Amino acid sequence: MTELKAKDFYVAFKKAAETLLVNKDEINALNVFPVPDGDTGSNMSSGMLEACEWLDKVKNKDKLKDIMKNMRDGLLMGARGNSGVILSQIFRGFTETLEDKETVTTKDFIEALKNAKEVAYHAVIKPVEGTMLTLIRKVAERAENELSEIKDFEEFLEKLYEISEEVVEETPKYLKKLRDANVVDAGAKGVSYIIKGFRDAIKGDTTINLKEIESASVEQIKEIAYEEIKFQYCTECVLKLNNPEISKEEIDKIRAFLEELGDSIVLVHQGEFLKTHVHTNRPGKVFEEFINYGELYKVKVDNMKVQHEHVVETANAVTSSEEEPIYETNNENWGIITVSPGEGITKIFKSLGVDKVIFGGQTMNPSVKDFMEAIETLPQKKILILPNNPNIILTAEKVADMVKDKEILVIKTKYIQEGISALLAFDDNMTYEELKEAIESEISSIVPIQVTYAIRDSEIAEEKIKKDEYLVFVGKELKAHSFDLTEAVIKVLKEKINDGYEIMTIFYGQDIELKTVELIANELMEDFPDLEVEIHNGSQPHYPLLISLE
């Protein structure tokens, strides 16, 4: 095959999306922070899936221009985080080069790769080598130097994929963080899998079932990991411009504004849309500035002290929620909605009077739609929402702004432990202000502790971490790590209980036996006879223990 047509790209792109989805968990695991909460694969997959939906809407799939436009626009709309935005710009450069052609040769393909590199680098204010940017640059350069004489696409894409794999293995040479973590770059690996999908489709593997993979790949809930960073909030915004022909001077002005506010900046002007990604401590200022140029189309904010790399839902991003039946409560005035990552924790919430539980948590953020549907099912005119995760707070607050016929109170609970503590202060007869004050006071009295494990060798806050070590976080701070879970947990808990805490509640997860939890509790009660201990089966994944001290 020496020429590709519109339908070839339609099939090849969907095969590339399937290939990325199949390997999403592997890409997620290539996380420079060694706890099980990587998200690059999920973010890239979100954009690819959105683009596939846009491709399916193309009426004339023989028209290359329409295929390229929907591929490009769909990726932009579905992009999540830095990796998703940069991927969308790689494809923007690629598709803009080809969209006016009727058929594509390998020579055209090389030119498209070169433009993909140019557009992607231009979108990132401070490009970092050793990332997916390096991959697209090196692949474009080597394709021009080594593959320009190849006309057959099967041979061309086979060699292109081999080159991409070689570049992936080289990424740690460019980036110390990758060398320290002993991993290759996740985004570069994702792009390499996309090239593999293109190769497989052109070689004849055109069987694609995205829905099956998507449902089979529903991610497990992950709890909280922390990283010392200068700018706390990963902020993204898609703006629908008042003037699509915005001048270069205005774009430069916006770039300068973003550079003053933070780093890791990506700014993309594409048609009537302007999309930005920035790490900043003042996300509100970004939105205030952008609204001067048009209408906010999509916004998101992530707290990166909780999740190391931007993850938030866009309006059409892949989300995961689990429908729960409505349970009768005694709440006449206030309906309660909360978010839970595990069956055991869900049962606890229900026992404490929650009307509606939405399944979700870290990297599985419920959407605005999930909350709106939950609110609509409740008869009460006042609704209390407990997000129990910092990545869900903004969505809950957006819902509160949207609902006009009910009074919505969102308490910014960041941990499951805070959500449970909040319910202990709940009184159905309180006013909005009374309930807010009572719950926030109750939450402030507890110390949330998370116990997870390292998925590889790495370094956290200058501490050398080994694969499979247990990590004990108190609030945001890593307090201990050890291969002996009991030893690490008891050490930290003894230090905290000595500060005067009298009540300890333990929620144990899927990865620990009850007898181990009881051993920990018994040893602590021997040293602290007045300590009150409660143990509950939370059933949460990846975090053997969630502990609350008060």
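This is a predicted model: local features need pLDDT of at least 70, side-chain atom pairs count only at pLDDT 80 or more; totals for chains, interfaces and linings use all residues.
Leaving aside neighbours within four places in sequence, F109 is in contact with L4, F9, F94, V104, F153, F156, L157 and L160. In soluble globular proteins, nonpolar side chains tend to be buried together.

Attention now turns to I194, a residue of helix 10, which spans residues 186-202. I194 has a relative accessible area of 4% and is therefore buried, the cut-off being under 20%. Beyond its neighbours within four places in sequence, I194 is in contact with A16, L20, M44, M48, L87 and F91. Although I194 and F13 are 181 residues apart along the chain, their C-alpha atoms are separated by 8.0 Å.

Helix 10 also meets helix 8, formed by residues 153-174, and the two axes come within 9 Å and cross at roughly 165 degrees. Because of this angle, helix 8 is roughly antiparallel to helix 10. The crossing of the two helices is left-handed. On the helix 8 side, the contact is made by F153, E154, L157, E158, L160, Y161, S164, E165, V168 and T171. Helix 10 contributes A188, K189, S192, I195, K196, F198, R199 and I202. Taken by type, the residues of this contact comprise 9 nonpolar, 3 polar and 6 charged.

How values were computed
Residues are numbered from 1 along each chain as its sequence is written. Side-chain values use heavy atoms; hydrogens and water are left out. Contact means heavy atoms within 4.5 Å. Helices (H or I, at least four residues) and strands (E, at least two) are DSSP runs, numbered from the N terminus. Buried means under 20% relative accessible area, exposed over 50%, partly exposed in between (1.4 Å probe, protein chains only). Axes are lines fitted to C-alpha atoms, for helices over the stretch in contact, and angles run from 0 to 180 degrees between N-to-C directions. Angles under 35 degrees count as roughly parallel, over 145 as roughly antiparallel, 65 to 115 as roughly perpendicular and the rest as oblique. A crossing is left-handed if the near helix is turned anticlockwise from the far one by less than a right angle, and right-handed if clockwise. Ala, Val, Leu, Ile, Met, Phe, Trp, Tyr, Cys and Pro count as nonpolar, Asp, Glu, Lys and Arg as charged, and the others, Gly among them, as polar.
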